[in-house]
Amino acid sequence: MDTTLLLYIGIMAAGILIGSRTMSPEKEYKWLGRLQFLALMVLITALGIRIGADDKVVSSLKEIGLSAFVITIFTLAGSLLCLWLVRKWMGLDREGVKKDD
Amino acid sequence: MTRSIVAAVTAGILAGYFIAPEALVRSCGALITGGLCLLLFLVGLDIGRQGTILEDIKKVGFRVLLFPVAVIVGTLVFAAASSLLLPLSPRETMAVASGLGWYSLAPMLLAEYSASLSAMSFLSNVMREVLSIVLIPFVAKYIGHTECIALPAAAAMDTTLPIVVGATSDRIAIYSITSGVVLSFAVPVLVPLVMEL
């Protein structure tokens, strides 16, 4: 694992620690949602600029999109199937309730 | 939300393609790292604020951790299988899928390996979230309630949580959140791990 990754995990862990010590679960923090949205938009735009500036990516955007779609469909089906198997194995019914409780 | 994301990425692509001064593109790397740090910190605050994850897991039992494990196994195995249909290696399709729906983090982690994989990861993980939103009501009705948390994977703890709870019941919320949190932690570990294979 490289250092950037440790930095990311460390920062998230710091957030969890600070959030659990200083913030309450009942109160609504509007600024938190707004700031998250802002950071997300900046990130997505920057990602878009990188995609757009890369001629190789732009020229194969259609194939990239199609591959992404196929992978997504497989991924959804696979996780659904595995979760269904685990639920059956745990003896939960369709509502997620244990049959013998 | 979906509309804002599509608008932002389209504006970015157009700007990158038509305007693209070298300096702007190069500064994107720093912008992405900085923005990601901010976002991860805020997501952390949000998780920590609820402060009950560990107690929640204890209450419903540690077997609840089997759900995110099932999501990871299903995602990776089927992603590997999808490479049979695509001009990609199983390692590449698994790398794309290991974003587990976290489209703001996973593409950044892949950017250092390949620009096309990074773009594919972004698209696929956005699609995972959008398709989940569409499919959750049907899965809840015809397959089962717990299965709903498998579709959005990491997003089950935040953006798609209201949809999962709305389509199922309050008792699924706790499964949805714990699974989403575990999967979110798995993303920054899983993506590089798959690339090192």
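**Reading the contact between chains A and B**

The contact draws 81 residues from chain B and 65 residues from chain A, two residues being in contact if their C-beta atoms, placed from the backbone, lie within 7 Å. The model is predicted: local features need pLDDT of at least 70, side-chain atom pairs count only at pLDDT 80 or more, and totals for chains, interfaces and linings use all residues. Residues are numbered from 1 along each chain as its sequence is written, and chains are lettered from A.

Q: Which helix gives the largest share of the side of chain B that touches chain A?
A: Helices are DSSP runs (H or I, at least four residues), numbered from the N terminus. The largest share, 21 residues, comes from α2(B).

Q: At what angle do the axes of α4 of chain A and α4 of chain B cross?
A: Axes are lines fitted to C-alpha atoms over the stretch in contact, and angles run from 0 to 180 degrees between N-to-C directions. Here α4 (residues 61-90) of chain A and α4 (residues 66-82) of chain B cross at roughly 140°, their axes coming within 7 Å. Angles under 35 degrees count as roughly parallel, over 145 as roughly antiparallel, 65 to 115 as roughly perpendicular and the rest as oblique; α4(A) and α4(B) are therefore oblique to each other.

Q: How many residues of α5(B) are buried?
A: A residue is buried if 20 or more other C-beta atoms, placed from the backbone, lie within 10 Å of its own. In α5(B), 6 of the 8 residues are buried, among them B:Glu92 and B:Met94. These buried residues pack against α4 of chain A, together with α4, α6 (106-110), α7 and α9 of chain B.

Terms used: Helix = DSSP H or I, 4+ residues; strand = E, 2+ residues; numbered from the N terminus. Buried ≥ 20, exposed ≤ 12 C-beta atoms within 10 Å, placed from the backbone.
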